[in-house]
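Keep the sequence and the 3D view at hand as you read.

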Amino acid sequence: MIPFTYERAKSPAEAVKAIASTPGAKFIAGGTNLLDLMKFQIETPTHLVDIRGLPLTTIEDSADGGLRIGALVTNTDLASHPRVKREYAVLSRAIVAGATGQLRNKASTGGNLLQRNRCPYFYNTDMPCNKRVPGSGCSAMGGVSRSLAVIGTSEGCIAQNPGDMAVALTVLDATVETMDAAGRTRSIPIADFHRLPGNTPEVEFALEPGELITAVTLPPPLGGSHHYHKVRDRASYAFAIVSVAAVLQKDGTGRVAFGSVAPRPWRVKAAEAALPKGPAAVVSAAFEGATPTKDNAFKIPLAERTLALVVAERRV
Ligand SMILES: Cc1cc2nc3c(=O)[nH]c(=O)nc-3n(C[C@H](O)[C@H](O)[C@H](O)COP(=O)(O)OP(=O)(O)OC[C@H]3O[C@@H](n4cnc5c(N)ncnc54)[C@H](O)[C@@H]3O)c2cc1C
Ligand code: SF4
């Protein structure tokens with residue numbers, strides 16, 4: 001057990017100040033990822049700033065017809081919100097495909113976006129891992145890599161982003177709203193939020209140290225037929241091997257993103273444009289330049305079959 005101190009913040013401004021004034025401090029929301037990482041001593045914060053008391057728990061209609069989702073809205077509340085179920089159903093379906101009811105009751109919107117990867121070596125502190133200890137090496141290269149990424153990887157890291165919600169948010173062109181230690185706010189398009197590993201696999205998100213997610217905004221609804229299909233090793237309590245989030249229109253066009261195949265939700269607009277030509281054309285364009293391992297090359301044909309299933313289920 002590594003000692004740490006704890007405080008509850010009452011406002012976003014107080015939360016960012018508390019983080020900035022204590023080296024090694026971290027925010028804690030639902031704690032469903034951070035506490036596990038602390039138990040394994042992968043994350044060793046000196047101080048926790050509990051943000052659950054902040055007034056970031058509402059889902060509001062925005063002036064442009066979209067939605068503004070507070071960073072502390074739980075996964076359960078977001079998935080069951082009437083407008084989300086009716087007009088952003090891809091998001092509702094992706095969330096309920098993740099984790100379990102108990103976890104979704106605790107997990108927050110901001111924390112979900114910031115969940116760390118699930119590479120087995122990241123969790124094994126006896127093994128080298130560039131993400132956990134920069135410069136130590138990547139045990140997954142030549143090791144067990146079945147669940148890991150097939151595209152967007154680097155020589156330093158081949159971990160995949162395992163989340164479900166973020167794949168749907170990518171299809172919906174969501175924006176992440178933040179506040180930094182000086183109280184300045186900014187908007188980050190979801191497509192830029194998760195970083196590719198390159199030479200710095202330890203930097204996974206486009207956030208500055210101590211930056212607080214305050215909300216996620218959605219543009220006006222797209223209409224169409226909404227789908228989230230997750231392929232996993234067992235029916236619940238398992239991360240995706242491959243997932244497909246899609247919003248399909250009557251004329252055969254639409255949007256599509258793949259999950260658990262890359263270090264971030266994988267949406268390629270040129271591939272999406274190939275939807276009227278069929279799943280094979282989409283997958284061929286989306287995975288052009290992929291560098292799978294021998295253990296996870298199956299993910300590319302699996303992505304094609306999963307997209308074919310989704311297209312066959314189109315309801316408009
Ligand atoms: C057994 C198990 C199964 C799971 N299965 C799935 C699954 O199938 N699909 C899936 O998508 N997920 C799954 N998850 C992951 C789960 O969705 C995440 O643990 C959860 O969403 C994290 O949210 P949280 O609020 O608990 O975050 P926390 O654990 O509180 O925080 C996570 C990180 O985000 C930071 N943070 C939190 N909120 C903010 C904020 N507002 N601003 C800045 N930083 C912040 C924290 O400092 C921390 O680094 C699973 C988790 C477990 C334990
Ligand atoms: S793939 Fe990434 S997370 Fe996994 S061992 Fe390599 S560097 Fe670590």
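Four elements each supply at least two residues of the shell around ligand 1: β2 (25–28), α2 (34–39), α7 (109–113) and β8 (212–218). Of the elements, β2 gives the most to this shell, with three residues. Please bear in mind that you are looking at a predicted model.

How many residues surround ligand 1? There are 32, and the closest are F27, G31, T32, S108 and D164. If you sort the residues of this shell by class, you find 15 nonpolar, eleven polar and six charged.

Now zoom in on the oxygen atoms of ligand 1. A polar backbone atom of F27 is 2.5 Å from an oxygen atom of the ligand. With S108 it is the side chain that takes part: one of its polar atoms lies 2.6 Å from an oxygen atom of ligand 1. At A238 the backbone is involved again, with a polar atom 3.4 Å from an oxygen atom of ligand 1. How much of ligand 1 does the protein bury? Taken alone, ligand 1 exposes 980 Å², and the protein buries 94% of that.

Next, turn to ligand 2. Here 14 residues form the surroundings, and the closest are C119, C129, C138, C157 and I158. By class, the shell around ligand 2 has nine nonpolar residues, four polar ones and one charged.

Terms used
Residues are numbered from 1 along each chain as its sequence is written. Chains are lettered from A and ligands numbered from 1 in the order in which they are written. This is a predicted model: local features need pLDDT of at least 70, side-chain atom pairs count only at pLDDT 80 or more; totals for chains, interfaces and linings use all residues. Side-chain values use heavy atoms; hydrogens and water are left out. A residue is near a molecule or strand if one of its heavy atoms lies within 4 Å of it. A polar contact is a pair of N or O atoms within 3.5 Å; within protein, one must be able to donate a hydrogen and the other to accept it, and residues adjacent in sequence count only if both atoms are side-chain atoms. Accessible areas come from the Shrake-Rupley method with a 1.4 Å probe; for residues, only the protein chains shown count as cover. Ala, Val, Leu, Ile, Met, Phe, Trp, Tyr, Cys and Pro count as nonpolar, Asp, Glu, Lys and Arg as charged, and the others, Gly among them, as polar.
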